[in-house]
Amino acid sequence: MSSLFSQDVPLYWYLLLSAILFALGVLGFLIKRNLITVFMSIELMLNAVNLSFVTFAHQWHAVKGQIFVFFVMMVAAAEAAVGLAIIIAVFRARATLAVDRIDLMKL
Amino acid sequence: MTAIFPLWLIPLLPFAGFLINGLLGRRLPKAFVTAVALLAPLGSFVALLGNAFGMFGDMPMLGIPHAETFGTWINIGTLHVDFSFVLDQLSLVMLLVITGVGFLIHIYSVGYMAHDEGYARYFSYLNLFLFFMTTLVLAGNALLMFVGWEGVGLASYLLIGFWFNKPSAAEAGKKAFIVNRIGDVGFLIAMFFLLANFGTLTFSEIATKLGQDPGWTGGVVTVIALCMLLGATGKSAQLPLYIWLPDAMEGPTPVSALIHAATMVTAGVYMIARNHVLFDHSPFALGTVAVIGAATALFAATIGLVQNDIKRVLAYSTISQLGYMFLGCGVAAYSAAVFHLMTHAFFKALLFLAAGSVIHAIGGEQDMRKMGGLRKKLPITFYTMTAGVIAIAGIFPFAGFFSKDAILYAAFQQGNGGKALWFVGLLTALLTAFYMFRLWYLTFFGESRSPDVHPHESPWSMLGPLVILALLSVAGGWIGIERFAAFLAPAVGPRAVDPGTGNLELILSIVAVAVALIGWYIAHAFYSQKTERPAELAVALPSGYKLLANKYYVDEIYNATIVKPLLATSTYFLGWVVDKAIIGGLAWLLGGIAIFAGALLQRWQSGNIRSYAAWLAAGAAAVLLFVVVPWSLVLASIGIHLNWAGH
């Protein structure tokens, strides 16, 4: 553990990495047209948050942050299952995954 | 003294009849509807008779005057109004007429309305009317009386417009209701004045307070009395608000007999008699009542001369006879007015019902020019109607003679002005005799003017009431004004008789009967012997005939001076300026602001999920910026120092 979080790597690097990952996720969510990419962007944001959880947990020696990460991963897994199922259903119905084209509730 | 017949039973029986027939009547068998409808007024009548005989006999069931209070209605500060009924001599006479004549007319209606689709509806309305009318008469205070007052107006409206499929009937109902509203305003204002000056609406308390302080004369009492008079002119179809009554003949004929001849239209007379203490304290108001009464009597009688619709002749004669009653009230001869009210209820109900029998017999025709020669075909109707005609003409010894005579005699005693009123009354008596015998001759004598109609006498359910009312029209006046006035004296004050004028009364009576006979003779000459003469007269006096035939153009004048300007004001000022421009403009302005704001804001609602997400991200970033950045330092760097401590 101590080798992984070496004293040589300061805290804010992790946080910076987390912020960069989150911003990339937001950016991808906003500008990508493919539904799967958008979905992956959301996963990226979740994992960015996970990283900052773990960082702070290590910093403050609080195990709660690590437990929270497990919850987030669990929910993300469930969400991935549901989300992919929806994506497949959408693709079957519309034959496209471009988010701009699937902006109507009705078929 | 415990009451064997509680007073609340009297109005409540008809109300129960109204509820049963009104709610369930269409599903109930016709015989049951009839039974309920007839039992309601009969029960009230019996309850009253019990009271009346109790009073006259050795063992009084109810002391009279008898007051019952059923609870507090309003109790706010100094305003205290009870649900209270008062049965005194005056209300007893009124109630006997209302329930007695009312019951007869109910029986008549069973025959008259037998084939009408709205049989149950008709009787429920009729019972509703009796409920409100008895409430009006029994009420111990002005507010409860007002409830009955408005209620009979409602029942009248419903029954005039009973055949609402006919536009003219619906219109007539509305006209009656609206014209009555004008009078009701007067009644309401009178009540406000009573509250402001006496602090009570209870009749007996007002009378006590007026009696205690002789300073109450003129001024405010006059205003109250005149406002009440306005209400009375509306309900009792006097000048200037009489115009609704002739149109009210659109209703079924028994309704005309009950509401628009015998009972409801006499409510104004009753109100004046009930509040006679107020009127006694204001000679000016009394004089106004007398002048309005005499003017209406003459005015309506002249219109009645040339009407051809049998019911309209009777309607104008009702207005004219009500004018007599007002004249009687105006010369403070309240007992004479109530006496005439009673006899008039008998003979006018009779006349209307007989007219209804005629109309029924010849298939709904009301134009007298198409009648004639019905004497042989409808013998019972003919004989009963003859009794009514002679009674209203005031020929001895029929009922109308006694009551009309009492009023004319009372008027004659009131100085020179009174003699003028007496003369107007006498002239009216002449006209009355003329137009009533004109109706009689046109309807029953000569040859039939509609040969293809085959009249048939009415069923006994209709003839029975006619016979009873005919007997009452003959004998109803025999009680005599002296005894009647003595009986009523506790309620309306004693009858004023000048001493030493014993012969005067006899002379006046002879003059009145002579005048009535002259009227009969003229009618005989015009409509029995030289039947071409009326037409010649109409040609000889075209302007006069046209004036009368068009009822002095009063409807047209009201239309031009009141209805049209009101309509124009409503359409142009209230409708266009106030409603469309101001209120509508405001609404459009508010709507416009919302539309404009919406047009701006709807650009946000693009429907594009990613733009929403972008706004979300931007918002989150803004919140973050606001929380994380130490704004006090930023502000300090541009020279603004926040003073957190407040000093």
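Leaving aside its neighbours within four places in sequence, with which residues is Ala337(B) in contact?

Close-up 1. Ala337(B) is in contact (C-beta atoms, placed from the backbone, within 7 Å) with Val269(B), Ala273(B), Met325(B), Gly328(B), Cys329(B) and Ile407(B), once neighbours within four places in sequence are set aside. In this predicted model, local features need pLDDT of at least 70 and side-chain atom pairs count only at pLDDT 80 or more, whereas totals for chains, interfaces and linings use all residues. Residues are numbered from 1 along each chain as its sequence is written, and chains are lettered from A and ligands numbered from 1 in the order in which they are written.

**Close-up 2. The largest nonpolar core.** This core, a set of buried Ala, Val, Leu, Ile, Met, Phe, Trp, Tyr and Cys residues joined through C-beta atoms within 7 Å (buried: 20 or more other C-beta atoms within 10 Å of the residue's own), has 209 residues, and those with the most contacts inside it are Phe129(B), Ala337(B), Val338(B), Ala349(B) and Leu350(B). Helix α15 of chain B (residues 334-361) gives the most to this core, with 19 residues. A second, separate core of five residues includes Val26(A), Phe29(A), Leu35(A) and Phe39(A).

**Close-up 3. Packing of α3(B) on α10(B).** Helix α3 (residues 89-112) and helix α10 (residues 253-262), both of chain B, pack at an angle of about 165°, with their axes 9 Å apart. That angle makes α3(B) roughly antiparallel to α10(B) (the term applies to angles over 145 degrees). Among the residues making the contact are Val97(B) and Ile105(B) of α3(B) and Pro254(B) and Leu258(B) of α10(B).

Notes:
Buried ≥ 20, exposed ≤ 12 C-beta atoms within 10 Å, placed from the backbone. Helix = DSSP H or I, 4+ residues; strand = E, 2+ residues; numbered from the N terminus. Contact = placed C-beta atoms within 7 Å. Axes fitted to C-alpha atoms, helices over the stretch in contact; angles between N-to-C directions. Parallel < 35°, antiparallel > 145°, perpendicular 65-115°, else oblique.
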